[in-house]
Amino acid sequence: EPRAMTAYGAICPQPPSPTRERSTASQRMDEDCLYLNVWTPVNDAADRLPVMVWIHGGGLTNGSGSEAYYDGETLARHGVVVVTVNYRLGPFGFFAHPQLSAESPDGVSGNYGLLDQIAALRWVRDNIAHFGGDPARVTIFGESAGGVSVCTLMCSPLATGLFHRAICQSGAPAKGLRRLKTAQPNLPSAEEHGKTLTTQLGIADTPGALAALRQLPWQKILTLAKPIGVIPGSGMRDLLCVDGYLLHDEPDALFTAGKQARVPFMVGSTADEGTLFAQKASLRSEAAYRTFVLNVLGEGGQAVLRQYPVRDNDPTAALARVIGDSSFTATARRTARRHAAMQPHTYRYEFRRSTRLLQRMGLRAFHGSEIPYVFGNVTALMYGAADRTLAETVMGYWTRFAATGEVNGGNAPRWEPYDPERDNLLVLDDPIATAEWVKKAECDFWDTFSAR
């Protein structure tokens with residue numbers, strides 16, 4: 001029978017997140033969480049507007065498509081149908097086990113959260129016309145783990161043809177992943193990792209392990225979920241895996257080989273990606289900073305310390321530069337270069353806008369700070385007239401890209417396609433500007449470091 005779909009569905013069970021408490025505190029958690037939300041500006045289902053499907057971030061362990069940040073009403077009023085999706089997270093979305101693989105007709109397990117995203121895209125293909133959307137003009141866009149998901153979907157044969165443009169905000173093609181069944185040096189397979197997690201839940205490695213796991217309440221399974229740490233993306237190897245079905249190799253390797261979807265592509269980062277993460281480290285001294293870097297990077301840490309010395313007796317700022325440049329700025333340049341080699345409609349940006357409050361908090365243009373501008377949710381409480389103007393411009397770029405694969409139009413400053421010979425990008429700030437070779441020395445350093 002028809003049901004009234006006028007309220008958000010439950011979200012996937014997840015650990016507490018300080019950055020999401022206000023958005024998730026009032027939302028019910030349940031394993032029955034595979035819902036999506038649609039905002040459409042049309043009154044006639046015969047319309048065929050471009051569709052934008054948002055994949056939320058949160059390290060693949062937190063978040064939902066119904067967070068207040070992602071309310072799609074304002075963005076939809078710019079002539080697109082907006083869809084936000086839930087997908088399974090943490091141990092619910094990325095748990096591999098040999099007994100699960102054995103019962104699968106495809107012989108695989110894990111990557112369920114990505115399969116959920118693909119299922120949502122199939123739903124859009126089959127149903128979005130009823131909401132005035134054009135199933136032949138679907139853009140996937142996402143931030144952080146959502147950006148990682150976008151790049152992963154670009155590399156998966158299961159997602160072929162389900163989208164036609166892609167936007168990666170503060171994400172990159174994943175690397176350093178486990179293989180489903182094969183161990184690597186110092187990295188057990190995803191199935192072996194799943195057996196270890198099963199033992200942590202007090203279940204022996206016996207033929208009845210899977211049945212025992214299914215008897216556990218989700219609250220018990222949730223104890224396996226790890227909160228997001230200081231180093232962004234460090235938990236990916238315990239979540240995503242190369243399974244030979246959804247992924248035939250690591251997305252980073254597939255992008256390097258030019259085997260990703262050849263769709264128009266936008267990629268970018270914020271100017272101060274690392275501040276949010278570095279504050280979690282609570283560094284009190286330069287010695288603490290040095291110890292932290294060496295503990296994380298081992299012998300390679302010495303080169304990092306030479307490249308990123310502490311300035312003005314501020315070790316947190318030094319760590320923020322390390323995290324921001326290594327995990328976001330350099331990877332955005334690397335990803336743009338790889339895709340531009342095969343797709344002329346490739347665009348790169350850097351978001352630099354920061355409010356006075358964010359500056360006082362030491363966050364500035366932090367990780368995720370562009371999202372309110374992309375969705376147009378810049379309320380008068382925190383943002384001013386310049387922010388609302390910038391949001392209108394950003395939404396114009398994003399929605400024109402969704403409509404045509406081009407970003408330019410109206411009175412917006414021209415945004416040139418990415419040229420690796422110039423390393424050009426658009427600076428999203430007040431005012432909007434263009435720039436070339438942003439942080440060239442730092443990006444060159446991390447390219448060399450990553451290759452090693």
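What follows is a short chat about a few spots in this structure.

Author: This is a predicted model, where local features need pLDDT of at least 70, side-chain atom pairs count only at pLDDT 80 or more, and totals for chains, interfaces and linings use all residues. Numbering runs from 1 along each chain as its sequence is written, and side-chain values use heavy atoms, with hydrogens and water left out.

Reader: Is Gln260 buried or exposed?

Author: Gln260 sits in the loop between α10 (251–256) and β8 (265–270). Helices (H or I, at least four residues) and strands (E, at least two) are DSSP runs, numbered from the N terminus. Buried means under 20% relative accessible area, exposed over 50%, partly exposed in between (1.4 Å probe, protein chains only). Gln260 has a relative accessible area of 4%, so it counts as buried.

Reader: Which side chain does the Gln260 side chain join in a polar contact?

Author: A polar contact is a pair of N or O atoms within 3.5 Å; within protein, one must be able to donate a hydrogen and the other to accept it, and residues adjacent in sequence count only if both atoms are side-chain atoms. The Gln260 side chain has one of 3.1 Å, and the partner is His339.

Reader: And Met361, what is its relative accessible area?

Author: Met361 lies in the loop between α15 (356–360) and α16 (371–375). Met361 is partly exposed, because its relative accessible area is 45%.
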